[in-house]
Each structure stands twice: as structure tokens, then as C-alpha cells.
Amino acid sequence: MSLLLSRRLSRVRRKASLLGHVFSNGFSTWTTPCLIIRAEACGEGEMGRLEIFNANEYKSTLLEKKVPLELTSRETRVTIGASHGWIATLKDDGILRLQDDLNPAASGTDPKRIPLPPLVTLPRCQTQIVTNVSLSSSCPESDEDCVVAVKFLGPQLSFCRPAAAKSEWTNIRVANPCFFSSRVMFSEGDGMFRIPGAGGHVIGSWDLSKKHKHKIQRLRFQNLPELTKAKRELLHSCLTTEHLVESRTTGETFMVKWYRKAAKGLWRLKTRALMVFKLDQQGNAVYTQDIGDLVIFLSNSEPFCVHASSFPKLEPNMVRILDVDECGTIFLDISSKYSSVITRSPTLPAPYHIPPQKIDPSLVSTLTP
């Protein structure tokens, strides 16, 4: 009887922690997009309470949910990426695992951990340094068609179906060096994994349904803004990364160019500018300062978009950025009442944005006013 009561109390505490951080479209209930701050230590154990920051709020939330402290530790650094709310970890045993520990909507008492097959390193490649991880769906534990893509620094790109009867890695050597340090993303519209080349002039796509056939698309940049000489020199001096993000509701695809530079006398990178280009099937990349009702989230997770109108107090037409030493907001419309770039420099050892997660409405229904 005491065990049953304990489980019920745990369920009630979890409901309370989610209250105020969900929205409903009349059919499903979803969490608000958030970023991971840390796991707050509880006593002397290896678990800590998960602290998050919801995208439409101005203060952090300390959840009742407990997660392994190592997942947000700057010393251990076992996390290597995230996608669809799943965190990928890689420890000394060389096994890559998918975990839902940092997903605020996932169970804290029965977390899912999915070990993938041992990594296979291609000749003249490496599998210790990971650029990022991408999932084709949010159900790697049950969807046999779900594919995990892992982009390693260098030429190796690896794929795996975790729920397949015989799960194994398919490894591809990417020939063009312009993709060696780039990040992979999954395009639901094309059903392919895509990687932007350095500089953003080409995009490589891999179709796993056609014997790993790949294609290269060249982009033509249009509607470029007129820049002053000082602005051009600043952008040329920055570390620039390219990120592809797809809106699954509007079908639009964007390329975001993120310009960062170390502040004088400091080793931390600080965002100096950001440019957004809307892509089409013909390879046109049109510069824009208007993405409508959308908000783009960039971090060490796979990028994603949401509609601002789905979340109270969330401003539209902006990009939320997050890295180990910086988080902030870029307002794309320069006529906005805000300055175009607002950032601060916290220390975030697990710099992941978690997209909205579908949850069981019964978790919050009994506590809704």
C-alpha cells in the first residue's frame, strides 16, 4: 500500500511541476520549448533536480524530476548532442546512447536509455569527436523507420535504426571537405538528411531509402543587404557557422548564418550578427528579416521552429541562440522596439533547446484551474 501511495504522490508532484508550462491545441497537450540550465545536486548522490528555462518566461523552473548529474556536468562532458528531446551520450566504453532524461515531459522514475551498436570507425576517420546528432522521428525506441544520424568531425557520417530487428551502423565517407565540420539535420519534407557546406553555398542530401544515394544542391544568394565597410570587415573576421532548420507546419526551410567573435581580452565567443535565408527547391537562398509567426531555436540540439502564437508571451520573428557560454535572442526586424541582438554570458554545460513535447493530458488535467 505504501508503494502505491508513493507512486501516486510522485505523479502528483510531476503534474505540479508541469502546470503552467504546457499548451493545448484542442487535440493534444504539449510542453513549452525550453532550454536546459543544469541539474541541481540533491544531497551526496549522483542525481539532481532538473532546472529549465521556458522560452516564454523570464525565470527558471526547478522541476521535481531528477536526472543524472553527469548529464549537465562541465567536467564529464558525456552529452554530444540532442534531437526531438532525446540526448545523445558517448562515454569511455564507446557506446552511443539515446536518453530522455533531460526531456521535461519524460518519466523521472523510468527513464529511457537506448544503447546503440558499437561505433565502427572508417579508415582515416575518427568517431570520438561528434559534430551533432539528428533523429528522423521522436520515437527511436519503437519506430522501426526512425533513423539516427551522427555527424563526426571529419568525413564520417553514420546512420542507425535503433528499433530495427537487426540494428547496425551504416557508415558513409563524405568526400567533399566543405562538409567535414558541418551539422546534419533531417528534412521531413524531403525525407532526407541534409548538411550545409562551409560557407553555405552548397547543401548535401542523403536518401537512405535509395541505397544511400546523395545529391548536391548549389545555392544562389539573393536580396543580400547592403553592408558598410566596417560591417563587412566585422563579418569576415567572425567564426561563421551555417544551420539548416525546417518548419514542419509551414513547410519552409531556412539557412541561418551565425557570426561569432571572441570579445577583446576574453576567450568566450560572442554573437555579432545573424542572417536568415529562406530556401526554395530551385536553390534560391533569399535573405529575409521576416519569418512571420515563427521562432527559430539554435543550440547544440538539432535546430527547430515553433509558432510564437502557440505560446503566450513568446515574441514572433526572432531566433533564440544557445551555446555553452552564451544565450540570447536575435530580433530579425530591425524596426523592432528591441535592439537586434540581446545576449548574456552564463555557463551552460548542457546547451540544449528542447522542442515542444507531447504529453498525456491526464498529467495536468486534474490540476488545471
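**Cavities, pockets and aromatic pairs in the predicted model**

Asn132, Arg183, Val184, Met185, Pro196, Glu242, His243, Leu244 and Pro303 line the second largest cavity. The model is predicted. The volume of this second largest cavity is about 40 Å³. In total, 2 cavities of 30 Å³ or more are present in the structure. Strand β19 gives the most to the lining of the second largest cavity, namely 3 residues. By class, that lining divides into 5 nonpolar, 2 polar and 2 charged residues. Domain 1 (115-218) and domain 2 (220-356) both contribute to the lining, so the second largest cavity lies between them.

The open pockets come next. The largest pocket has a volume of about 1100 Å³. Its lining is made of 42 residues. Trp30, His84, Pro355, Pro356 and Gln357 lie nearest the centre of the largest pocket. Three elements are named as giving two or more residues to this lining: β14 (185-187), β19 (239-246) and β24 (304-307). Of these, β24 provides the largest share, with 4 residues. The lining of the largest pocket comprises 17 nonpolar, 16 polar and 9 charged residues. At least three residues of the lining come from each of domain 1 (115-218) and domain 2 (220-356).

The second largest pocket holds about 980 Å³ of space. It is lined by 40 residues, and Val130, Thr131, Arg183, Asn300 and Asp323 are the closest to its centre. At least two lining residues are supplied by each of β6 (79-83), β10 (130-135), β19, β20 (253-262) and β25 (318-323). The largest share, 5 residues, comes from β19. In the lining of the second largest pocket, 17 residues are nonpolar, 15 polar and 8 charged. Residues of domain 1 (115-218) and of domain 2 (220-356) both take part in the lining, so the second largest pocket lies between the two domains. Arg183 also lines the second largest cavity.

A search of the whole structure gives 6 aromatic pairs. In one of them, Phe159 and Phe193 are tilted, with 5.4 Å centre to centre and 45 degrees between the planes. This pair links distant parts of the chain. Phe159 belongs to strand β12 (residues 156-160) and Phe193 to strand β15 (residues 192-196), 34 residues apart. Phe159 has a relative accessible area of 2% and is therefore buried. Phe193 is likewise buried, with a relative accessible area of 2%.

A second pair is formed by Phe277 and Tyr287. The geometry is edge-to-face: the centres are 5.8 Å apart and the planes make an angle of 65 degrees. Here too, distant parts of the chain are linked. Phe277 sits in strand β21 (residues 269-279), Tyr287 in strand β22 (residues 284-288), and 10 residues separate them. Both Phe277 and Tyr287 are buried.

Phe159 and Phe193 also belong to a cluster. Together with Phe186, Phe159 and Phe193 form one aromatic cluster.

Arg260 lies over the face of Trp258, at 4.0 Å from the ring centre. Both residue numbers fall within the range of β20 (253-262), one of the strands that supply the lining of the second largest pocket.

Notes. Residues numbered from 1 in each chain as written. Predicted model: local features only at pLDDT ≥ 70, side-chain atom pairs only at ≥ 80, totals over all residues. Heavy atoms only, no water. Phe/Tyr/Trp six-rings, centres within 6.5 Å; stacked < 30°, edge-to-face > 60°. Buried < 20%, exposed > 50% of the residue type's maximum accessible area, 1.4 Å probe, protein only. Lys NZ or Arg CZ within 6 Å of the ring centre and 35° of its normal. 1 Å grid on protein atoms, 1.4 Å probe; cavity = no way out; pocket = protein on both sides within 12 Å on 5 of 7 lines; lining within 4 Å. Points joined across faces, edges and corners; volume = space filled by probe spheres on them. Nonpolar A, V, L, I, M, F, W, Y, C, P; charged D, E, K, R; others polar. Domains from an automatic or database assignment.
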